[in-house]
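Try each one before you read its solution.

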Amino acid sequence: MLLEKYRPEYSKDVIGQQEVINFLNHFLKKWEKGKLVIVYGPSGTGKTSIVKSLANENNLEVLEINPENQFSLEILRTATKQASLLKKKRLIYCIARDF
């Protein structure tokens, strides 16, 4: 898909979301096990691009969960306890349509 092909690799390439990027960068630097941040907003505002670019910059594995077809509390619990195959910290990103 063109969207994936041209998705920004680095947060500096995401336009118009510097305040969110700064906040999330700060959160990731002080990230403790069990802490959670929710990124929300309308479609097309760069949520996924920001998460993926920050994961790239911070050497994190991204586990993307789509609640419409696979989300459950048990899957989330399992994902948080499994070791990363890549030996990286794991960032779990849930694509939610509505809250």
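**Exercise 1.** Which exposed residues does the face of α2 turned away from its buried side carry?

*Solution.* A word on the model comes before the steps. This is a predicted model, in which local features need pLDDT of at least 70 and side-chain atom pairs count only at pLDDT 80 or more, while totals for chains, interfaces and linings use all residues. Residues are numbered from 1 along each chain as its sequence is written, and side-chain values use heavy atoms, leaving out hydrogens and water.

Step 1: buried means under 20% relative accessible area, exposed over 50%, and partly exposed in between (1.4 Å probe, protein chains only).
Step 2: helices (H or I, at least four residues) and strands (E, at least two) are DSSP runs, numbered from the N terminus.
Step 3: the buried residues of α2 are Ile 21, Leu 24, Asn 25, Phe 27 and Leu 28. Seen down the axis of α2, they fall within an arc of 160° (taken from the directions from the helix axis to the C-beta atoms), so they line one face of the helix.
Step 4: the face turned away from that buried side carries the exposed residues Glu 19 and Lys 29.

**Exercise 2.** Find what Ser 11 is in contact with, leaving aside its neighbours within four places in sequence.

*Solution.* Step 1: locate Ser 11 in the loop between α1 (2-5) and α2 (18-29).
Step 1: Ser 11 counts as buried because its relative accessibility is 8%.
Step 2: with contact meaning heavy atoms within 4.5 Å, the list is Ile 21, Ser 53, Leu 54 and Glu 57.
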